[in-house]
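I opened this notebook to keep track of a few look-ups in one structure. The entries follow the order in which I went through them.

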Amino acid sequence: MLTKNQEYEMCIEDMGNDGEGIGHLDGMAVFVKDTVVGDRILVKVIKVKKQYAFGRLMRILEPSAFRVEPICPLARSCGGCTLMQMEYGRQLAWKQDKVLNCMKRIGGIAQAETLMEPIIGMEVPEEAEFPAIYYRNKAQFPVQRGKDGRIKIGFYAGRTHDVMDTDRCYLQAPVTETIVKRIRRFLEEYQVEPYDEGTHSGLVRHILTRTGWHTGEVMVCLVINGRKLTGRYQGAACNVEQQLVDCLRDIPGMTSIVLNFNVEKTNRILGNDCRTLWGQDYISDRIGEIRYQISPLSFYQVNPQQTEKLYAKALEYADLHGEETVWDLYCGIGTISLFLASKAKKVYGVEIVEAAVEDARKNAVANRIENVDFFAGKAEEVFPAQYQKTGERADVIVVDPPRKGCDAVLLDTMVQMAPNRIVYVSCDPATLARDVKVLVEAGYVVERICPVEQFAHNVHVETVVLMSRIQG
Ligand code: SAH
């Protein structure tokens, strides 16, 4: 019997879906955060359930051969980089396994092993100070007032809403650090009140930054609980929007300074409305040959080096020859649609965020791509309605849904439309496998599965799956 609060010696034999280590004591699985497969540890049992238990890492008795010293001093407490203490090659192997297990166990794809391509990881140059850092093009920093009265900007500690104060995140483009430092100074100087979740009062909720990997363009979006940015100057309350602009505009690459209004009591970061304070309403970037403009509210893949590889894989799987009609469902700002358009006869994209659809249309025009049409609305509504109206079939359908996966109605319409190929791009292997199972039961076979790294040091993994219709 395991006893709560007792310490035990244990080896970490496996790792769970959230990156937590798993060992066994008395035949019972024990989950321990901050451990790496291969560690021998001293663990304190903190909770015992019927089938399993949770423990706290007290001491590493013998480190795993895969253990490395994280470059970020906050790695252990921060909720973001759960895997940073594991050697990068091993992180990739773990993600490969995670996808394989989901496809086998949830998807029921018995032969998944033979269909899997090796995960496409990030390149790690020899001279790199640490593998796979500074890769993200988007950051969202919550802002809070700490118990000591000081402003805290940073990241939530794992499984909490307590902000750990920091200027630097090692995953972000380096310019982000300058932005955070300057906004911190600005908030203190003009006594701008951070938002308080508990009382739903105060003003500044989040700082959103975006950078164009190829263009170097920078956007700062301050999310506020109100419609005006106010603070105090020489003792009096006043509008400090111009002061914010003055504190940021000379940062190299600065292109867009925006306010976003989120007055709801919600965990959602962004509200629906923005007002540009300075510069453009968007930044630009390119993927391959295609240039994109990106508004604050639009989704854009966060790892530009890997996005190019992800889309190349999707394009390879789509296997277009110029005559095909293609649907790109959950299309965002039309990134995949425009990537596919030069190889297809016609591409239709559907996306729920209006601002993203506007971006998509402008992006098509700016790249002189004429064989695409975009629809704003829910994919599960627009796509069936269009099919009913026109009866036009698709040869290839690409889907790239959010983590919750595809809506059942959408899967149903896909099956009715009976495209020859379905390319499923997914950021959650569990919902991917669930949806793949539905499609297999409806007459599709899985041809290829390729995991693609997008989120180094974090537990998430992207996957592309090619399915084709059994003829006859
Ligand atoms: N393919 C794009 C976007 C993928 S992210 C890219 O690679 O950049 C998923 C997108 O689905 C987001 O843009 C999100 O706004 C959109 N979305 C979420 N729910 C939706 C729904 N029900 N119908 C259509 N789009 C939806």
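**Entry 1, salt bridges.** I began with Asp167, which forms a salt bridge with Arg184, the closest N and O atoms being 2.9 Å apart. I take a salt bridge as a side-chain nitrogen of Lys or Arg within 4 Å of a carboxyl oxygen of Asp or Glu. This pair links distant parts of the chain, 17 residues apart: Asp167 is in the loop between β9 (163-165) and α3 (175-189), and Arg184 is in helix α3. Helices (H or I, at least four residues) and strands (E, at least two) are DSSP runs, numbered from the N terminus. Arg184 is buried, at a relative accessible area of 13%. The scale I use is buried under 20% relative accessible area, exposed over 50%, and partly exposed in between (1.4 Å probe, protein chains only).

I note the source here: this is a predicted model, where local features need pLDDT of at least 70 and side-chain atom pairs count only at pLDDT 80 or more, while totals for chains, interfaces and linings use all residues. Residues are numbered from 1 along each chain as its sequence is written, and side-chain values use heavy atoms, with hydrogens and water left out.

Next I looked up Glu177, which forms a salt bridge with Arg168, with 2.8 Å between the closest N and O atoms. Arg168 counts as partly exposed, at 33% relative accessibility. Salt bridges that share partners also join Glu117, Lys313, Glu316 and Arg448 into one network.

How many salt bridges does the structure hold? I find 21. One of them pairs Arg76 with Asp34, the closest N and O atoms being 3.0 Å apart. That pair too links distant parts of the chain, with Arg76 in the loop between β6 (52-62) and α1 (88-105) and Asp34 in the loop between β4 (28-32) and β5 (40-48), 42 residues apart.

Most residues other than glycine have a negative phi. I noted Tyr134, with a positive phi of about 55 degrees although it is not a glycine. Tyr134 lies in the loop between α2 (112-115) and β7 (138-145), and at 22% relative accessibility Tyr134 counts as partly exposed. Ala418, also not a glycine, has a positive phi of about 50 degrees. Ala418 sits in the loop between α9 (408-417) and β22 (421-426), and is buried at 15% relative accessible area.

I count zero disulfides in the structure, a disulfide being a pair of cysteine sulfur atoms within 2.5 Å. Cys72 is buried, at 14% relative accessibility. Cys427 is in no disulfide either, and the nearest cysteine sulfur, that of Cys406, is 11 Å away. Cys427 is buried, with a relative accessible area of 18%.
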